[in-house]
Amino acid sequence: MFKPVLGIIGGGQLGSMLAQAAKKLDIRTVIYCDDENAPAQHFSDEFVFGKYDNFNKLKEFCYKVDIITYEFENIPYETLQNLNNEKKVNPCPNINKIIQNRLFEKDFINKCNLRTTKYVHIKNQKDLQASDEYVPGLLKTCTLGYDGKGQYKIENSDQLSNFEIETDKEYILEKFINLKTEISVVLTRYGHQKCSIYEPIENKHEEQILRYSEIPAKIQSDILDKSKEWASILAEELDYIGTMCVEFFIDRNDNLYVNEIAPRVHNSGHLTINAYNVSQFENHIRAVCGMEKIKLIKFFDAKMINLIGKDINLYKGKKLNENEYFYDYLKKDIKSNRKMGHLTILKK
Ligand code: ADP
Ligand code: MG
């Protein structure tokens, strides 16, 4: 069988884990990243260093590969579109265009008739001052936010008047909901009505960064079923190919809301590496490379702990129990809010 060479844009931990999964399937990988020290280069067959708007470098990368995918959503749309004219980019860049922008993303989810939190588009100071009904809330930049970056708590009307909007940015103001918990659904879509869906994962965030993920989620089964159904609707509507993740909120009255869509493998899905026969990474590679879908089998329940900042030092060289799996992302510098590694504990 023809095995394509896979180009992966982005060289962080998700790129590393994708490259490792590809190796297992005997698929060659080339990583493209704008960071010379990108950790994923230790796992790929080749590495091209270049900025995401350096079209000469991108061309060089494009010649080396047959199919292209990406590990993060904030690659300029023009870059993906340009590459897509030469080699197939999966998932399709049009999807990226919607999801890169929180406003377009939330509008899209509502167009699919699925519930989101209440939100309003903020373009200037005047818009903000007229948004009392969304307070208390979170002001989020429309683009380039992750792990709580670009988010500001607005607790009362005074803060609404005092907050200084950056004129070159657009925002949404999202009403706070009274969270009971958060879950995510990771799925891999291979084409029309062909999806592998992992069981919903329960997530705990601290300071807007994911801290723990766990299966099974301790939530009523009808809500879990609904979350899987909603995630599949979104995947079908996007005509998605590959692994994606839908993050959900559940409020104190057991209402389900779509929070956001990640058009890529996701941190909450790391436990699939050890808990399932096929991980979210292998599934992504299989789908984007046009390989066959394998029936998912869960071997164990599991908990994943993110190692953020100095947490990583506690596990380096530590003797682990046989049900524990430690992953070091091999990042050069420890930073306080940086995801440095993770630990998965199987509930055997
Ligand atoms: P990011 O792109 O940084 O992941 P999110 O919109 O997912 O941004 O927000 C990060 C976390 O902040 C969420 O997982 C949740 O814990 C909290 N959060 C965000 N928006 C709301 C909201 N409207 N109500 C309550 N909590 C929220
Ligand atoms: Mg999020």
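Which residues of H1 are buried? In this predicted model, the buried residues of H1 are Gln13, Leu14, Gly15, Ser16, Met17, Leu18, Ala19, Ala21 and Ala22. The views below begin with this helix.

Figure 1. Helix H1 is mostly covered, with nine of its twelve residues buried. Among the elements that cover these buried residues are strand E1 (6–9), strand E2 (29–33), helix H9 (272–275), H10 and strand E18 (339–347). The end C-alpha atoms of H1 lie 17 Å apart, which agrees with the 16 Å that its twelve residues should span at 1.5 Å a residue. Just after the helix, Asp26 adopts a positive phi of about 65 degrees.

**Figure 2. Lining of the second largest pocket.** The volume of the second largest pocket is about 180 Å³. Its lining consists of Met17, Gln20, Ala21, Lys24, Ile273, Tyr276, Asn277, Ser279, Phe281, Glu282 and Tyr327. Helix H1 (13–24) and helix H10 (280–288) are the elements that give two or more residues to this lining. The largest contribution, four residues, comes from H1. By residue class, the lining divides into six nonpolar, three polar and two charged residues. Domain 1 (6–89) and domain 3 (179–347) each supply at least three residues to the lining of this pocket.

**Figure 3. Helix H10 within the structure.** Nine of the nine residues of H10 are buried, so this helix is largely enclosed by the rest of the structure. The buried residues are Gln280, Phe281, Glu282, Asn283, His284, Ile285, Arg286, Ala287 and Val288. After the helix comes Gly290, with a positive phi near 70 degrees. H10 is one of the elements that cover the buried residues of H1.

**Figure 4. Helix H8 and the elements that cover it.** Helix H8 comprises 18 residues, 221–238. The distance from its first C-alpha to its last is 26 Å, close to the 26 Å expected at 1.5 Å a residue. Its buried residues are Ile223, Leu224, Ser227, Trp230, Ala231, Ser232, Leu234, Ala235 and Leu238. The covering elements include two helices, H4 (93–99) and H5 (102–111). They also include strand E10 (179–191), strand E11 (194–197), strand E14 (242–251) and strand E15 (256–262).

Figure 5. The peptide bond from Ile215 to Pro216 is cis, and its omega is near 0 degrees. Pro216 is located in the loop between strand E13 (209–215) and H8.

**Figure 6. Pro136 and Asn156.** A cis peptide bond, with omega near -5 degrees, joins Val135 to Pro136. Pro136 is placed in the loop between helix H6 (125–129) and strand E7 (137–141). Asn156 belongs to the loop between strand E8 (151–154) and helix H7 (157–162). Along the chain, Asn156 and Pro136 are 20 residues apart, and their C-alpha atoms are separated by 5.9 Å. The relative accessible area of Asn156 is 34%, and this residue is therefore partly exposed.

Figure 7. Gln208 has a phi near 65 degrees, a positive value in a residue other than glycine. This residue occupies the loop between strand E12 (201–206) and E13. With a relative accessible area of 33%, Gln208 is partly exposed. Asp254, likewise not a glycine, has a positive phi of about 65 degrees. Asp254 is situated in the loop between E14 and E15. Its relative accessibility is 27%, so Asp254 counts as partly exposed.

**Figure 8. Domain 2 and domain 3.** The domain assignment gives domain 1 (6–89), domain 2 (118–175) and domain 3 (179–347). The centres of domain 2 and domain 3, taken over C-alpha atoms, are separated by 28 Å. Six residues from domain 2 and five residues from domain 3 take part in the contact.

Methods: Residues numbered from 1 in each chain as written. Chains lettered and ligands numbered in written order. Predicted model: local features only at pLDDT ≥ 70, side-chain atom pairs only at ≥ 80, totals over all residues. Heavy atoms only, no water. Expected span 1.5 Å × (residues − 1). Buried < 20%, exposed > 50% of the residue type's maximum accessible area, 1.4 Å probe, protein only. Contact = heavy atoms within 4.5 Å. 1 Å grid on protein atoms, 1.4 Å probe; cavity = no way out; pocket = protein on both sides within 12 Å on 5 of 7 lines; lining within 4 Å. Points joined across faces, edges and corners; volume = space filled by probe spheres on them. Nonpolar A, V, L, I, M, F, W, Y, C, P; charged D, E, K, R; others polar. Domains from an automatic or database assignment.
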